[in-house]
Every structure is written in structure tokens, then in C-alpha cells.
Amino acid sequence: MGELGLVVVDEGHLIADGSRGATLEVVMTKLKRSDAKLLVLSATIPNNKDYAEWLGAKLIESDYRPTPLMMGLCDGKNIYMEDETVQKIEAPAPVALATLALSEKNNKGQALFFTSTRRFTEALAKQLKATTYGFLTEEEKQKCKELSEKALKVLPVPTSQCKILAECLEKGVAYHHAGLLAKQREIIEEGFKGHRCIKAIAATTTLAAGLDLPASWVIVRDLKRYNGDFAEFIPKIECMQMCLPGYSKVLTENGSQRTIAELVEKRERIRLVTINEKTKKTEYKRIVGWNKRYAANLKKIEVEGGASLELTENHPVFALRKDNCAKWLSAADVRTGDRIAVLETSPNPTTAPFMLDYFDDVYVLDAASKVRDIVKRTGKTYRVNAAEFGIKFKTLKEYAYKKAIPLSLFRKLASKAGESTQLVEYVQLIKSKYGKPLALSKHFPPGFFWLVGLIVAEGSLVNYRGRGKWKGVSYQKVKIANGNPMILDEVNRQLSNLGVRHYERRSQSGFKPGRYIDSFEICNQAFSRLLNRFGLVGGRKTHTVSAPESIFQLPNKLVAEYLAGLFDGDGNLSQRNQTIRLCLKSRQMIFDTKSLLTRFGIFSNVYSDKHGNWWLSISSIRDTNLFYDYIPCIRIKPVKRIAKLVRQPPKRFGNLIFKKVVHTTLAHQKRIAVYNLTLKGNANYIANGIVVHNCGRAGRPRFDKGGVGVLVCAPYELRNARDKYIFGELEDIYSQLSSEPSLRAHCLALVASGYSKSFEELFSFFSSTLYAQQYENTEKLLGTVEKVVAELGKTEFLKEKNSKLYATPLGKRVSELYIDPLSASAFLKAMNSNLSEFSFLKALQQASESRPLLRVKKNEEQRLWDEWFALDEEDEEEALERHKTAKMMNAWANEATEEEVMKEFDTPPGSLHARVRIQEWLAYSFSELAFLLNQTTAYEFAKKMHRRIKYGVKEELLPLTSFRGIGRVRARKLWNAGARSKEQYEALGKDEVRRILKTSGDEEIPPEH
């Protein structure tokens, strides 16, 4: 990069693209920080001054257009042009518009139609066949016939889609979408742009930006977007105005709070808490749609007790009017003193978790008699059971009489004997491979989560490497330091309950002379692994600690213990005014604690100081009393307080409490990304504890340049479409760098390439991005960078030593392969299992690069679930989609034809081949990672599957496909003719090869023969 003198960046507005924008921004930031000069070109950047300021560039503007553009609207009866002319149409809108477009330039015009789905493009092309054929000259008809024949020969065996496309091409019309093969798209573009015999193309709107096909008219037929489940027409002025900023947290059914940006970016279909407007009771509804856009002038609403929310001004909230009737009220109309609905308490998961469920890679002690009993219940011998579980007969016998058995194997044995649900009753003592035993009870003992909270506040988890005979063994040590005798007694009691041995040390306090600090050191590895499940990871910095999802999913009683431990460790109580405060270095942990307190209806305030500390404060009488009632602290014990003034009790309806608005203000003047969700069967969800409306989906068609652009809409949409698309301004573009999937790969690449060698250098780099320029306060971005680097450290792709960041050999290879680190992490996990052809393909579908997965139809769900559970798989996110996609790839690798794949999986050849290319690369990446880790078996298997996916053949044909010009079809012909190896093929003469291939009409000789 240092040798570059000038870099030309075309289509610079793509920096706002959701999929590619972050990569372009990182590259341009690197170029901006180098000595290279930048020339950025774009026709669609309204906020070009901000863009130029970021680059430190001179802005040159020009409004010259070689072709004047006239915009219009069609409501099915009339065409309204922006010059105020109106033209009545008699035929259906697409036919009438096509006729007008093709009549341009003495019947030499052409038209582009954009529709919302692939099926609509095909249907529209069929509808226009008669119209376009009437405008063809004899010469153009001949050209169209030639193009039609070409399209039929793209595949060795034409599919039904090939035949439909050929019929359309012969009539002078085509459809264009991602389901077509590259060669078919080339044929269409050749006929439209080269020979000009293709008069009209129906394309999906997602391809609008990628088509360089000048036409007389461009018609956008559909004003709707596919949302993941269905598509529907929506008035644009409504859905484009109602959204929340990405950092707003919504409440899920298990009690956790997730940022709305995270749910939208990951397309998670989880269930959220919603309110039944009739009963005012909580319900749980699944997310079925998402929306993201940019907005300015968000309104911030703060209610008594500390809850607050920022939202666009037209977004409704649930408010209580003077007549005590609850109604939806737009945020713009909310005033100080109004009462809006707040969820009083969060859902309380009632099922107490089993302690055993939080362990995996450990050994069960004193289980020999139970192993013998389970083997006896199976009705099979030890030798048969050992063979079924892939272990030696002698090993199973040792487990049955004297040896500790791995928990994973014990689970499988119990499941086979039908006793998996009773497993928690049998396991009472466990240990890690190199550690001391840990005593288990069925459920967590009382006070255990108090200990976890205390360790989060006052303790640490440190990674060590063994010495002497333990050289090469990694272990973790838990350290707890405190000077309060009551705290120390409770720690002793909790450790005794768990059977954990510990060492005690006493040292002089460095802050208060004469005061001593007692510290505990615990080296039990099973205990350390249990703490790992609750967010304590060795090597993590204090400011990166956060509460994991597992804490949010606990019942309220256990959450109260956890909070008590936090406050006993790092909390304090003002005796003067009974204010309860908590001080931590981690911003995220403070906000997680704030969210956990709302489970009990306790509202708190958060602020930071100049030393980088974050404070949480509980000060109101109501909230401190609730803390007194629910949080069982040992050291922090507020006094029960009585209000001096008798206030009117807040209005309650069901699970709702209507709280008074204490302050409203405009929160932003610059545009930021805002989001919305759509829930199935209900119209609201809970954001930051406040009840808000969900308002459908939004989208905007993109217009290509041409003589005339027409937007087709329903009569009732005419005014809204006119205001938005004819007279409305083009939207500004904004950075897409804040999404975690993008940052994961880029942070790893920056460190692996040596570009950034510390947190300071990473922060410096991201402070130079467009994101930092547009949003000024980079605190959120840098916090996300810290979180991402911590995740990369957890997966051992990055390491930090002496304040320096460096990539491990594994992390460097992941970066070179240009795959998502989370995908690589899933591959590493799959390597340690017994790989089969189908399990390997399913492992590839875990990669983020495999998205979008195949959609599962309603009538397929039961069959796919039966297949999934028949493979002894556990229910998990996107299980059916992964299973169906793996089935399609399995069919391809076993030589199913494109037609068979299209019929069974509803996937056209173009989409299939695009997916094959991605899966081929993922299989190659899998093999490279296995090679680096010296996983010989996994490497050989992945290498073989890589070639099978690439060529779409069974294993027996791989030797033949190594010859240039031999693909899946030719290889199968040669195999059937007896040429089943390299030597046998090379021994054939040219005439014999021609005879074998000619049997199916293939007369061409492969080039390497």
C-alpha cells in the first residue's frame, strides 16, 4: 500500500452498503492514512461535504446529465409525469408501460422493469412476450432465436428454468435475477445492450445497482420489500418515520435484554415480551420482520425512576390520558407530566437450572456402579456398547469398575438407557482432567451466585501454565481479596459447600495503614470452568467484564444473589441519605446491572467520572426499599425508608405501571442508524422498559438512469409515493462500521497484518474512520472494538502481552482465508467430532458466509424435524434451515442434476452454483485450519469434500475430474464406460473418448487428452 500513488474509488456511496460498506471504509481509512492520493467518484452522495471533510479532500460537483430524466407515477389507470402531463392507459399497467417504452425512438425503445421477487420477474416476462414480439424486426427475431438456443445449451441437461428463459428470449423479453447462471446473464445482457434485440428485461430490485443497461424507460413495478417471511405493501411515510436507535434494549422471553441493532444485524427470530392491549398482561411473540434506516432529531423521553428512551418523533408509546384510557401517543406529542407505560417487573424464569447442565468437558467420580447399572439396562454386552460409542472394550470396563468416566460419555450412556433426565440425581462429584474434585448438588446451592457476583466485583481469574511434570498444561486460579470478616466467612461457607480447597493469605492494605486484606486462592479447575460459564474468563481486563446471557436467564431469586455479591464487593451505602452506589471499571457491566435491577422494579441512574469509573446509583425511597426487600446483601444493608409526603400511587394496569414523564428533549441533530422490529400477532414490544409500538417494514427502490422513470403504485398510495420519490430528497449516506460481524474480521486483519499492534493503535485507526467523523462520540464504537478483541482472545485468534496485541498463527491464517472468525471457531469445534459427509456439510452451514440459508416452508417443517432428531441432534437456532441447506449440498455432491435440485429445494441453477462456490471456499478453509492444527484425519476429509463440492461428484469420480475439461457429466460417462482411474483414462485413444462422449451428443475432446 505504501507504493500506491493514486487510487480511484468508483461508486463511493457503497460505503453505506450494509454488506460491503464496512470493508470499503476500512480500506479507504488505510489509504487516507497512507501517502496515496484518493479520487472518489459517485453520483448519489447528498452529504458529500461530510464525506469530503472526512477524506480531507477537495469537493468537485457537477449536475451534468447526458440524458434528461423525467419521473412519473402510474396508479394503474393514469400516468402522472412530473411536468404535470397526465396520460390515460387502457391495458394492464405493465403492458401499457412496455408499449409506451418500446414505441420510443421509432419503435427502437427498450424497457427495464423492477419487481420484488424472482417469481414475479418470470411471471412478468411471460406477460410481456406478446408485446415485445410485436416490436421485433425479422433480423432481430433471428438474433433472438440464436440467443434462445445458446441459453438452452448453458447446462449439459437443460432445466425447466432454462426452457422458460429460452422461450422468453425468442420473443424478445427476458428476466434477470440471482437464480440465473452467469452465462445466462451474459446472454441476456448481450441481447439487450449489444444486439438490442431484447426489448424488455424484468429484474429484481436487488440487482438494480448491478445492471449497467441503459434503457428508454425504467419502471419500478413493486413498492414492497421481502421481510424474511412475507412481502406486503406498506405506506412509506409511516414505516420510514418510526424507529429506535440501535443501542435501545428490548426484552426477550427469557428475561435478557438485547440491543435492537444486534437483533436486526443477526436476523434473530427470538420471542420478545409484548403486552396484550386488552388484558395488559405480558405475552411472548416471535420476531418476523426487521427494518433499518437513518434518522435525525430523535426525541428522548425520561420517566421518573430513571428509565429513558430515545426514538423518532412519530414513534408511538403507550400513554395514559386524563380520562384514564390507555392510548397510543406519538413521541412528538409526549409532554412533561404525561404518564407512559413502563413494564413494572421483567419476566421471571421459574425453572431452577440444574448445576450439571453448566459442565461439559469434565469427569464424573464415584459413578462406576451406575455405569454398570446403565449398561445392564441397555440389554447389550460391554463389547457391543463400547463399539457403539467408539471406545475400547477395556476402557468401558475400567469406567464400570474403577475409572472416572467423561461426563459426555456418561450422558450418552444414560440417554441410551432412557435415564438422561435422572442424570442430575446420579452425578455428585466431578473433576477436570488435571484438577481436584468439585461437589455438585441437583440445583445450585443457596448463595452460590452471591459468590459469583463477589468474584466479578472483588476477584479475578488468572491463566497459568504448569511447570515440571505439568509443563504444557494450562490452568486457571481464582483469587478473591476482601477485608470484611462477614464477607470472608460467607466465602468460606460457600467453598465448603462445594468441597473446594483453598489457600488463605493475609497482607497489609496499601490504602489504609493498620488494615489487613485477606485473600483466597482457589486452583480447582472444575470450579474455574463453572465460573467461565458465568462470564469470568481468565485474562480479561476489568473494563471488558460483562454479564453473560446465562445470568439473565436465571430465576429472580438467583439473580438477586448475584446482584448482592456485586454490591457487597464494589458497592457502598451512604448513611446520610441511604443512597446505594456501585462503582465498576466496566461500562457494559454497569448497564447490565441496571438491566438486572429492573427485574425487581428497581430503577437506577448511571454516570461516569473523570477517572474512567462508572457509577450506578439507587436513591429514591421506593427503589431503595425494593433493594432492601429483594437483594440479600451481607454488607450493604439499607434502612427501610418511609416517604415524608404521601403521594398519589402510580396507575397500574396488569403488568404495566404508568410513570410520569419528567423530561423530554431532542437527543440528536445528526442522523444515526435507527431500527424497528415486527412481531407476529401483536403490535408492541418493550424497549428500555417502556412499551413501544412496532411499525412494520420499510424500503426504497433504487432507480437506474434512463429517459423516463415510472413508479407503479396503487391509487391510495399516489400522494405518499409522489412526496417520497418525486419531490423527496435523496437520503444521506452513513457509515456501516458499527456492526460486530464486520469489526470482528477487520480487527483481526488489522492486528494480523501488523497494522495495529495495541489497543491504542486500534483506537487510533477507528478514530480516523467515517464513523468517527459522523457520530463524533466514538465511545460506543471503541467499546464494541474492545468487546470484539476480547471475543477474538477467547477463541485464541488474538493474544495480548505487555499491552501489545498479536495474532496467533491460527488467527493469522483465519485472516488470510478472509472468513468470519466465528465461522473459523465453529470449524475448530467440528474438527474434534467424528466427521461424516453430512455432518461436515452441516458444519459448513454454521458459517456466517453460508447465509442466507435455504428457507423452510411450513409443509416441510415436520419432516425436517424428524430427520434432525433421528440424527440425535439437539434443538438449536436455525436447525431446520441448516439441515435443509446441508441436504441440498449433499444432493449436489452425490451428483443430483440442477433440475433435480431445483425441483426438490426450489433453488435455481444460478443460486445453486453461487452457493457451491461459497461452500467450496469454506471447505478449503476448513482443510487449511485442520492442516495448521495437525488434524490429519480432518484435513484429509475436508480436502476430499472440497473437491467433491467443487465438481459435484461422488468420491469415485475424483481421479477423473483431475483432468482439465472433465466435469461431473463427462466423468460419469467415462466411469460407466469402464475408464475408472487416471491410468485407464490415459490409455484410451482419442477416437474411443469421442465415441464414449458422443453417446450423449458430446463430441468435443477434453483438452488434456
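**Burial, salt bridges and confidence in a predicted model**

Me: Why is Glu521 called buried?
Reply: In this predicted model, Glu521 has a relative accessible area of 14%. Buried means under 20%, so Glu521, at 14%, is buried.

Me: What makes Lys477 and Glu521 a salt bridge?
Reply: The N to O distance between their side chains is 3.6 Å. The rule asks for a Lys or Arg nitrogen within 4 Å of a carboxyl oxygen of Asp or Glu, so the pair qualifies. Lys477 belongs to strand 27 (residues 474-482) and Glu521 to strand 29 (residues 516-522), so the bridge ties together parts that are 44 residues apart in sequence. Lys477 is buried, with a relative accessible area of 18%. By this rule the count comes to 30 salt bridges.

Me: How do you know whether Glu860 and Lys884 are buried or exposed?
Reply: The cut-off for buried is under 20% relative accessible area. Glu860 has 10% and Lys884 has 4%, so both residues are buried. Their side chains meet in a salt bridge, 2.9 Å from N to O. Glu860 is in the loop between helix 30 (837-844) and helix 31 (861-870), and Lys884 is in helix 32 (residues 879-893), so the pair ties together parts that are 24 residues apart in sequence. A network of salt bridges links Glu860 and Lys884 with Arg863, Glu867 and Lys887.

Me: Why is Glu955 called partly exposed?
Reply: The value for Glu955 is 45%. Partly exposed lies between the 20% limit for buried and the 50% limit for exposed, so Glu955 falls in that class.

Me: What makes helix 29 largely enclosed?
Reply: Eight of its eleven residues (821-831) are buried, so helix 29 is largely enclosed by the rest of the structure. Among the buried ones are Phe827, Leu828 and Met831. Asp820 caps the N-terminal end of helix 29, with a side-chain oxygen 3.0 Å from the backbone nitrogen of Leu822.

Me: How do you know which parts should not be read in detail?
Reply: Where pLDDT is low, the predicted coordinates should not be read in detail. The mean pLDDT of the protein chain is 80, and 85% of its residues reach 70 or more. Over residues 224-241, however, pLDDT stays under 50. Over residues 696-706 it is also below 50.

Terms used: Residues are numbered from 1 along each chain as its sequence is written. Side-chain values use heavy atoms; hydrogens and water are left out. pLDDT is the predictor's confidence in each residue, from 0 to 100. Contact means heavy atoms within 4.5 Å. Buried means under 20% relative accessible area, exposed over 50%, partly exposed in between (1.4 Å probe, protein chains only). Helices (H or I, at least four residues) and strands (E, at least two) are DSSP runs, numbered from the N terminus. A polar contact is a pair of N or O atoms within 3.5 Å; within protein, one must be able to donate a hydrogen and the other to accept it, and residues adjacent in sequence count only if both atoms are side-chain atoms.
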